[in-house]
Structures are given as C-alpha cells and as structure tokens.
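Here are my notes on this one, in numbered points. Have the model open while you read.

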Amino acid sequence: MIEVKDLKKSFDGTEVLKGITTTFETGKVNLIIGQSGSGKTVFLKSLLNVYQPTSGAILFDGRNIVDMSRDEKQLLRSEIGTVFQGSALFDSMTVEENIQFPLDMFTNMTFREKKRKVLQVIGRVNLQNANRKFPSEISGGMQKRVAIARAIVNNPKYLFCDEPNSGLDPYTSNVIDDLLMEITKEYNTTTIINTHDMNSVMTIGEKILYLRLGVKEWEGNKDILATAKNKNLIDFVYSSELFKQLRHFMLENDQTSLT
Ligand SMILES: Nc1ncnc2c1ncn2[C@@H]1O[C@H](COP(=O)(O)OP(=O)(O)OP(=O)(O)O)[C@@H](O)[C@H]1O
C-alpha cells in the first residue's frame with residue numbers, strides 16, 4: 001500500500017502539485033488520469049523520489065520515502081519495478097540481457113539463478129522466441145512486454161508505469177492492459193499507472209485518480225466513473241469522440257425509454 005499525504009511539489013516557486021492526499025492499495029491497479037499538464041508525470045516522479053517533494057509524505061507500507069537515508073532508498077528501489085514511456089530498453093543489449101539488468105543491479109544471485117529467473121519471466125510475458133533479439137528487432141508491443149518483464153523480474157512490491165500503451169494499436173494495448181492486471185494479482189503489487197487511454201480506464205481502473213491543475217479533482221473506480229457527477233471529470237472523460245458518441249447514444253436511448 002502506498003499512502004500519499006498532502007503532497008506538494010513546486011518548481012521555481014510555481015506549485016505543480018497542490019497538496020494531494022490519497023491511498024493506493026496493495027494488489028490493485030491504480031490509474032492516474034488528467035489533461036496534459038495536470039501534473040501526472042510530476043506526481044509519479046515525486047512518488048519515486050525522482051523529484052524531491054516540496055512537502056508532504058509518501059508512505060510505502062508505512063516507510064516514508066521523503067525522509068529515508070540513501071541506503072533505505074536503495075533498498076526501497078529494489079522493491080520497485082518501473083515501465084517508462086518508450087520502454088527505455090538498452091539498445092545494445094538483447095531482450096534477455098535487458099531483463100536480467102535489475103538482477104545484476106540489486107541481487108547477489110548466481111549466474112545460473114539469474115538465467116532461470118529471466119527465462120521464467122520471459123515465458124510469463126510470452127517472449128520465448130525473442131530472448132536473443134535486440135530491441136530494434138522486435139515490435140513496439142513486444143518491447144513493452146520486455147519492459148514489463150524487466151520490471152517484474154526482481155519480484156517487486158510496487159509497479160509504476162508511465163503511459164504503457166502509448167504508441168500501441170488498440171489490440172496490443174488490450175494485451176498490455178491484461179498483462180498488467182494479471183501481474184498485479186499474481187505478484188500482489190501496488191500498481192500505479194499514468195494513462196491517457198480511456199479504454200484502459202474502463203477495463204482495468206480498479207482505482208482512478210483524476211488530477212486537474214495539480215489537485216485531486218476526483219477519485220473512484222471504473223464502475224462509478226460513468227455515473228460520476230464531477231463536471232470537470234465528465235468533460236474530460238467525454239472529450240474523446242468515441243465517448244461523445246457513446247454518451248449521445250446513451251442519452252437517446254434514455255429518452256426513448258422515457259417516452
Ligand atoms: N522539471 C520541471 N521543471 C519545471 N516545471 C515542470 C517540470 N516538469 C513538469 N513541469 C511542469 O509541471 C506541469 C505538469 O507537468 P506534467 O508533465 O506532470 O503533466 P502531465 O499531466 O504528465 O502531462 P502529459 O499528459 O502531457 O504528460 C506542467 O506545467 C509542466 O510544465
């Protein structure tokens with residue numbers, strides 16, 4: 001579980017996060033949504049302590065990352081898996097070597113133990129035929145699966161993903177969403193995902209945090225999103241053409257059923 005308490009972050013006197021308080025539960029997929037510039041990336045990077053928060057607390061199962069020593073942070077980092085935009089793979093390493101990287105960084109496993117673990121996660125994300133390939137030789141969807149395999153190879157407690165579906169077609173996006181949901185349950189991770197993808201929101205949004213101008217404007221889950229009353233949230237959700245048409249269709253059907 002990750003608890004965020006009154007998190008604020010400013011850059012050069014400009015406040016980007018204006019006091020966010022929320023909780024992300026263990027074993028759940030938590031999605032952060034909001035317009036471009038609403039603060040999603042700054043929020044994610046503040047949770048990871050890439051940015052030092054201006055004030056507030058971030059408790060990883062009770063441990064506040066904001067006032068940890070360097071060694072404590074290093075230990076916590078070994079419990080966190082990340083999937084960043086563009087997959088962030090090492091071009092000069094094979095799929096297998098990319099996935100092994102966190103084990104080299106954070107563990108004292110023997111060569112044989114590492115190989116066994118890497119092959120196990122390669123199987124888990126269905127990349128058996130690609131382990132000797134380089135990132136440039138595989139598709140964008142496969143690269144995402146490599147990034148996910150690398151994020152889970154060290155059995156993380158926490159999984160952070162920044163726009164995991166960006167650049168993927170709708171079918172491949174669904175495959176990635178399903179994989180992230182399954183892995184969250186299998187590894188019992190606290191999973192936090194920044195997304196613009198409304199399809200993801202409606203399929204895997206066990207918790208949804210809607211940020212607007214650096215403020216928590218709404219939080220809930222996919223089942224109550226459709227009936228939420230928050231006007232800014234409604235405007236945001238229905239700003240996509242597909243959702244606009246869907247809403248129009250629903251309203252029309254509603255009126256027919258009333259007459
Ligand atoms: N390192 C930085 N220094 C100064 N300002 C920053 C920095 N990073 C982000 N900002 C500002 O913080 C605000 C929020 O940016 P952020 O990248 O978090 O938005 P976002 O919601 O992730 O947008 P997008 O969906 O486009 O990725 C923006 O006004 C941005 O200019």
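1. The open sheet has four strands, ordered β2-β1-β4-β5 with antiparallel pairing. At its edges sit β2 (14-24) and β5 (63-64), each pairing on one side only. Strands here are DSSP E runs of at least two residues and helices H or I runs of at least four, numbered from the N terminus; two strands pair if DSSP finds at least two bridges between them.

2. Inside that order, β1 (residues 2-11) and β4 (residues 55-60) are joined by five bridges, in the antiparallel sense. Glutamate 3 stands opposite leucine 59 in β4.

3. Keep in mind that this is a predicted model: local features need pLDDT of at least 70, side-chain atom pairs count only at pLDDT 80 or more, and totals for chains, interfaces and linings use all residues. Residue numbers start from 1 along each chain as its sequence is written. The scores are ipTM 0.97 and pTM 0.90.

4. Which residues are around the ligand? They are Phe11, Val16, Gly34, Ser36, Gly37, Ser38, Gly39, Lys40, Thr41 and Val42 (near means a C-beta atom, placed from the backbone, within 6 Å). Helix α1 (residues 40-47) gives the most to this shell, three residues.

5. Now the helix pair: α5 (residues 140-152) and α6 (residues 170-187) pack at about 10 degrees, axes 10 Å apart (axes are lines fitted to C-alpha atoms over the stretch in contact, and angles run from 0 to 180 degrees between N-to-C directions). α5 and α6 are therefore roughly parallel, the word for angles under 35 degrees.

Methods: Parallel < 35°, antiparallel > 145°, perpendicular 65-115°, else oblique.
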